[in-house]
Amino acid sequence: MAHAPSTTALAVFVVLFVSVALLGFLAARWHQSGEAQISEWGLGGRRFGTLITWFLLGGDLYTAYTFIAVPAALFGLGANGFFAVPYTIFVYPIMFAVFPRLWAVARANGYVTAADFVRGRFGSSTLALAVAVTGIVATMPYIALQLVGMEVVLGGLGIHGNWPLVIAFATVAAFTYTSGLRAPAIIAVAKDILIYITVIAAIIIIPGELGGYAKIFASVAPAKLLLAPPTANNLGQGFGYATLALGSALALFLYPHAVTGLFGAGSKHVVRRNAVILPAYSLALGLIALLGTMALASGVQSMPAYAQGFKMFGANYAVPALFLQMFPSWFVGVAFAAIVVGALVPAAIMSIASANLFTRNIYREYIHPKCSPANELQVAKIAALVVLIGALCFIIGLPGAQKFAITLQLLGGIWIIQTLPSVLIGLYTRWLHPMALLAGWAAGIVAGTWMAAEKDFASSIYPLHILGVTAPCYDAISSLVLNLVVSLALSFVFNTIMGRARTDATAVGDYV
Amino acid sequence: MTRFRPIYLLLFPPYIALLWVGSYNRVEPTLFGVPFFYWYQLVWIPLGALLLYPIYRAEERRKD
């Protein structure tokens, strides 16, 4: 039986949303030191313990859009969409090995952004500006996509039009302004309880109703059940799949919102512990991914009740339709509230992260170098508001903005990975020359964007032809290789000509 | 530079296992009806975390 969006679902949804939003405002008073400075607002005073960091990073990295788009990919593409699982597995060994080091050097030197570190390590404000601008540009479409996630769910509740989005985003803007990073940290706890309840219920109820997993997977077209195998002169979809997972994992912790969540941790032990316990979210994500296959098996795509939704939102409507079909209406309210609240957390952190970058690496560096800590804080708070309002205007003001945001996010991953040599390799050696890093960054961005453009921005996999073999490779990986080659070669040249004497504001002891 | 510690080799198995897509791109054996491709990758999520745990223990035992 198909449930129409009901008042029960809507009532449960509204009550949960309002309660969670209130938590965001109360968060301002939580562990507040009262000091007016950017690390208090923008990093929550660097005091979050293991559990809060776990909720914060979980809410930050596994966003509402993820919960809609990953199952949608399985629903539409089949096996290819499952790359999100190896991607989230690849993230944590990197986080464990590398990021305690970044945290330590940031703490020792009062760095608020990754670009701050690059500025100190290489003594180049130009390279730091490149890192900061890449971060901001890569984050903006991500925020817009959170709105897309909200729109789909609200559509499922039968709410259309712009005003609910405006209300939701006004709420985020208000508590972000007042509470800073503390707001998403507290909200993330509530959001995750809702998410885990939804996932567990979905995994218990839906497979049973659909007649078990064998039947669910039988509904997948045979060509989409697995990846197309390699042939004599083509490495096959598996190569694209593997590079997509690896490239996405390398890019993830370069995103400003990930760095912000990480820098909020109270110690590097917190960072390490989180690398061990964050995979719990990956498990939830893996199970949520399978919801896409369940949606396929449930046949919602051919039911008239959901035709309108699929027409508006495409495959992204698969999970909302599945929930409406399978859950009692009060639980639809819970599940949809989980997704919408799930959008508030990353939207808040992403706006804070962009604001930190703008304030530290553009405003203080180029506009007002002698600004006071209080002034710096005020600029950051206003910048966060501007970012959120900008994302909202973009989505509701521009026709076709949704598709544009998805394209930009695809490019964002390719762009942000170009900061890897400066940020991550920079943690281990300062042999690389800042001008060489800048040239490598530019080469990577141009090559990556060109490859995506060749595919009309519809796919981020570009077939490389090497010695007669075709390798379908994720643009971020191939362009990163080019970036590394350029950075290494030019560093060798510059170091030979100009010598290796450069300023480095960090000391060896800062890294441990 | 800190010296190399062998326990850090535990960071690598997930990459080797999952980048080698050909080793798991198949349907059989299924588990509760789920094709191998899907459940094998899901199993690597807790496995990856379990491999990190001994490195974490070793790291925390050092004085700092």
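Two residues are taken to be in contact if their C-beta atoms, placed from the backbone, lie within 7 Å. The structure described here is a predicted model, with an ipTM of 0.93 and a pTM of 0.90. For chain B, the mean pLDDT is 89, and 92% of the residues in that chain reach a value of 70 or more.

The secondary structure of chain A comprises 23 helices and 2 strands. The radius of gyration of this chain is 23 Å, close to the 24 Å that the globule rule gives for 512 residues, so chain A is as compact as a globular protein of that length. Along the principal axes, the C-alpha atoms of chain A fill a box of roughly 75 × 65 × 40 Å, and buried residues make up 58% of the 512 residues in the chain.

Chain B presents another picture. Its secondary structure consists of 2 helices and 0 strands. With a radius of gyration of 16 Å, well over the 11 Å that the globule rule gives for 64 residues, chain B is more spread out than a compact globule. The box filled by the C-alpha atoms of chain B, again taken along the principal axes, is roughly 50 × 20 × 10 Å, and 27% of the 64 residues of this chain count as buried.

The contact between the two chains takes 32 residues from chain A and 31 residues from chain B. On the side of chain A that touches chain B, the elements that give two or more residues are α5 (84-109), α10 (213-218), α12 (237-252), α14 (268-277) and α15 (279-298) of chain A. Of these, α5(A) provides the largest share of that side, with 8 residues. When the residues on this side of chain A are sorted by class, 26 are nonpolar, 5 are polar and 1 is charged.

The largest nonpolar core in the model has 210 residues, and those with the most contacts inside this core are Ala245(A), Ala289(A), Ala295(A), Leu322(A), Ile339(A), Val340(A) and Val341(A). Helix α18 of chain A, which spans residues 329-367, gives the largest share of the core, 20 residues.

Ala295(A), one of the residues with the most contacts inside the core, lies in helix α15 of chain A, a helix that also gives two or more residues to the side touching chain B. Because 30 other C-beta atoms lie within 10 Å of its own, Ala295(A) counts as buried, the cut-off for this class being 20 or more. If neighbours within four places in sequence are left aside, the residues in contact with Ala295(A) are Pro71(A), Phe75(A), Val300(A), Ala318(A), Val319(A), Ala321(A) and Leu322(A); one of these, Leu322(A), is itself listed with those that have the most contacts inside the core. Ala295(A) and Ala284(A) are 11 residues apart in sequence, and their C-alpha atoms are 17 Å apart in space.

The two strands of chain A pair with one another. Strand β1 (residues 461-466) and strand β2 (residues 469-474) of chain A run antiparallel and are joined by 6 bridges, and within this pairing Ile461(A) has Tyr474(A) in β2(A) as its bridge partner. Together β1(A) and β2(A) form a hairpin with 2 residues between them. Leu467(A), which lies in the loop between β1 and β2 of chain A, has a positive phi of about 50° although it is not a glycine. With 6 C-beta neighbours inside 10 Å, Leu467(A) counts as exposed, because a residue is placed in this class if 12 or fewer other C-beta atoms lie within that distance.

In chain B, the loop between α1 (13-19) and α2 (36-61) contains Pro29(B). The peptide bond that joins Glu28(B) and Pro29(B) is cis, with an omega of about -5°. Phe32(B) is likewise found in the loop between α1 and α2 of chain B, and the phi of Phe32(B) is near 50°, a positive value in a residue other than glycine. Phe32(B) is exposed, with 9 other C-beta atoms within 10 Å.

Methods: Residues are numbered from 1 along each chain as its sequence is written. Chains are lettered from A and ligands numbered from 1 in the order in which they are written. This is a predicted model: local features need pLDDT of at least 70, side-chain atom pairs count only at pLDDT 80 or more; totals for chains, interfaces and linings use all residues. Helices (H or I, at least four residues) and strands (E, at least two) are DSSP runs, numbered from the N terminus. Ala, Val, Leu, Ile, Met, Phe, Trp, Tyr, Cys and Pro count as nonpolar, Asp, Glu, Lys and Arg as charged, and the others, Gly among them, as polar. A nonpolar core is a set of buried Ala, Val, Leu, Ile, Met, Phe, Trp, Tyr and Cys residues joined through C-beta atoms within 7 Å. Two strands pair if DSSP finds at least two bridges between them. The radius of gyration is taken over C-alpha atoms; the globule rule is 2.2 Å times the number of residues to the power 0.38. pLDDT is the predictor's confidence in each residue, from 0 to 100.
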